[in-house]
Amino acid sequence: MNTSNQINIYLFSDEATEFLKKNLSSITQLIIDNDDNDWVKTTFPKNYLQKKVFKIEDFNLKINPESKDKEIDFENSLKIYNALKNLPNYILCDERFWLWLEFEKFYKFSKTCMKIRRSTTISDHRYFKLGVRRGIMFGILSRMFYRVYLTVDENNVNDSYELTKWVIDNVERYRNATRSSFSSQKKLVRGMLRGEKKAVDEKGYEDTSIYPEISKFINKIGGVQLLDAISEEDIEELVYKEMLEYYNKNS
């Protein structure tokens, strides 16, 4: 196999990660002031990157200011997913891996993709201040990967990325799922989204105010039975019926 286009992945070192968290305000300002990352090498502790044995196909992303172009957002998300999908979960769930991508390989992209207004932009969207699960779903690059990971459907022979396109088209369709405790369970997220889309397509219009209620509905189901025991198809049907009931009450 030709490996000429493969690159090793890296992790931020523990020292560099801790340095970032302790010097958040000054590093935030450095990102604001600099369009390239030359300052990273002279600011972070020596040997701030740790080379790993895992390799990925090298790839680039299109600059898309604040992710406003949905077509480019979809294209970039697929590139990230396809490049990283074979990495082990313990790498994908490590904030130090995403810090390498955000501060090194995709520095300009990360800065342009999400405008930095204050230091909380960095703490909330670059490292896992909110915890691993929420950090992954809020991360600049990690959320793009998991948005595809949780919605791709290889059994959909017509378009395996149908749901991916649907959630990228309107962030409200996906936002509440990522804030819920079940957000890491692919079948629940995908079943929920399929049920929502089915109802929206049938009604011919969308009321985004229902999406927080659907997340609460699924959490309520989990309070009386094991969500792991419910199939994706059952979740889809339950959500579809709940959506129709909501629409009928509020039409």
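Start by selecting C93: it counts as partly exposed because its relative accessibility is 33%, between the 20% and 50% cut-offs. Keep in mind as you look around that this is a predicted model.

Now jump to C113. Its relative accessibility is 3%, so C113 counts as buried. While you have cysteines on screen, how many disulfides does a search of the whole structure find? The search finds 0.

Next stop: the largest pocket, which holds about 520 Å³ of space. Select M114, R143, R147, V171 and R175, which are the closest to its centre among the 21 lining residues. To see where the lining comes from, colour helix 4 (70–84), helix 9 (132–138), helix 10 (142–149), helix 11 (162–169) and helix 12 (172–178); each of them supplies at least two lining residues. Colouring the lining of the largest pocket by class gives 9 nonpolar, 3 polar and 9 charged residues.

Then move on to the second largest pocket, with a volume of about 150 Å³. Select its lining: N89, C93, V132, R133, I136, M137, Y146, Y149, L150 and S184. Which helix gives the most to the lining of the second largest pocket? That is helix 9, with 4 residues.

Notes
Residues numbered from 1 in each chain as written. Predicted model: local features only at pLDDT ≥ 70, side-chain atom pairs only at ≥ 80, totals over all residues. Heavy atoms only, no water. Disulfide = S-S within 2.5 Å. Buried < 20%, exposed > 50% of the residue type's maximum accessible area, 1.4 Å probe, protein only. 1 Å grid on protein atoms, 1.4 Å probe; cavity = no way out; pocket = protein on both sides within 12 Å on 5 of 7 lines; lining within 4 Å. Points joined across faces, edges and corners; volume = space filled by probe spheres on them. Nonpolar A, V, L, I, M, F, W, Y, C, P; charged D, E, K, R; others polar.
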